[in-house]
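I opened my notebook and went through this model piece by piece. Here is what I looked up, in the order I looked it up.

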Amino acid sequence: MISFIVPAYNEELELPRTIESIRAAAQDRPHEIIVVDDASTDRTAAIAGNAGARVTSINRRQIAAARNAGSRAANGNILFFVDADTQINEKHVSGAIAALEQGCSGGGAQVDVAGRIPMWSRISLRIFCALYFGLNLGAGAFLFTSRENFDEVGGFDETLFIGEEVYFSVALRKLGRFEILSEPVLTSGRKLRLYSAGEILKHSLRVLLLGPRVARSRQGLGIWYDGRRETSSTPTT
């Protein structure tokens, strides 16, 4: 059994496409989709249920807590964590399973964005991805591991409001090889459209300068938690 865990907050526009992509990616493999609705004020829960996903509700407004809640509800021995605005395909599922069968502790995938984004952000994204994935770290948009390894590392650190995927990756790497799949997942890139270069730079510098301290409180993390959403679903190209 494969469990796909999708943390979601006000994702009524992007969620249907994400669930559809997961269904297609899983193909005939036994699987379940668990959407963790974290205090949404829109139709996220209803849409997830209507799409055949199992809905677990929490009221934490914290991505680490949502992922952990999904893992507790999951029945699978392989866990995939897929953000609600991210689309995957069969290569991600088969690649992840193959990596785990070969002894990897877990992994992630390269990331690409859907739709148009400003040129400055596309260049910045390429530089960031080259550095980030070069360090062999998984992005929160897509992560995978076995149930055994997830339990061994204690899941995601709920003292963190951002960067939990970094600590999760590092913890898994201590158990064995961590695999970054070359096939990129497709994520919405909405932050790069909804926030200016100045806003993103300000938040990024704050995180870099203050380090882990800033990650332990939601205060000042508006770019991750203020809930800005687009009014139409992200195009695929």
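Is aspartate 83 buried or exposed? I found that aspartate 83 is buried, with a relative accessible area of 18%. My cut-offs: buried means under 20% relative accessible area, exposed means over 50%, and partly exposed is in between (1.4 Å probe, protein chains only).

Some ground rules before I go on. This is a predicted model, where local features need pLDDT of at least 70 and side-chain atom pairs count only at pLDDT 80 or more, while totals for chains, interfaces and linings use all residues. Residues are numbered from 1 along each chain as its sequence is written, and side-chain values use heavy atoms, with hydrogens and water left out.

**Entry: salt bridges**

I stayed with aspartate 83 and looked up its partner. Its side chain meets that of arginine 67 in a salt bridge, 3.3 Å from N to O. Arginine 67 sits in helix 3 and aspartate 83 in the loop between strand 4 (78-82) and strand 5 (86-87), so this pair ties together parts that are 16 residues apart in sequence. I noted that a salt bridge here is a side-chain nitrogen of Lys or Arg within 4 Å of a carboxyl oxygen of Asp or Glu. Helices (H or I, at least four residues) and strands (E, at least two) are DSSP runs, numbered from the N terminus. Arginine 67 is buried too, at 2% relative accessibility.

How many salt bridges does a search of the whole structure find? I got 12. One of them joins the side chains of arginine 60 and glutamate 158, at 3.1 Å from N to O. Arginine 60 is in the loop between strand 3 (54-58) and helix 3 (63-73), and glutamate 158 is in the loop between helix 6 (147-153) and helix 7 (164-173), so the pair ties together parts that are 98 residues apart in sequence. Arginine 60 is partly exposed at 39%, and glutamate 158 is partly exposed at 28%.

I also checked glutamate 179 and arginine 177, whose side chains meet at 2.4 Å, N to O. Glutamate 179 is partly exposed at 24%, and arginine 177 is partly exposed at 44%.

**Entry: helix 3**

I went back to helix 3 for its surroundings. Of its 11 residues, 8 are buried, so helix 3 is largely enclosed by the rest of the structure. Among the buried ones are Ala64, Arg67, Asn68 and Ser71. I looked up what they pack against: strand 1, strand 2 (31-38), strand 3, strand 4, helix 6 and helix 7. Contact means heavy atoms within 4.5 Å.

In what order do the strands of the open sheet come? I wrote down 3-2-1-4-7-6-8-5, which is 8 strands with mixed pairing. Strand 3 and strand 5 stand at the edges with a single partner strand each, so one side of each is left without a neighbour in the sheet. Two strands count as paired if DSSP finds at least two bridges between them. A reminder to myself: strands of a sheet pair through backbone hydrogen bonds, either parallel or antiparallel.

Then I went pair by pair. Strand 1 (residues 2-8) runs parallel to strand 4, with 4 bridges joining them, and serine 3 has leucine 79 of strand 4 as its bridge partner. Strand 6 (residues 106-113) and strand 8 pair in the parallel sense over 7 bridges; there, glycine 108 is partnered by isoleucine 180 in strand 8. Strand 5 and strand 8 (residues 178-187) run antiparallel, joined by 2 bridges, and threonine 86 has threonine 187 of strand 8 as its bridge partner.

Where is histidine 203? I found histidine 203 in helix 9 (residues 197-210), and at 17% relative accessibility it counts as buried. Not counting residues up to four places away in sequence, histidine 203 touches Gly220, Gly222, Ile223 and Trp224.

Leucine 209 lies in helix 9 as well, but leucine 209 is exposed at 71%.

Last, I looked at lysine 191 in helix 8 (residues 190-194). Lysine 191 is partly exposed at 34%. Leaving aside neighbours within four places in sequence, lysine 191 is in contact with Ile200, Ile223 and Trp224.
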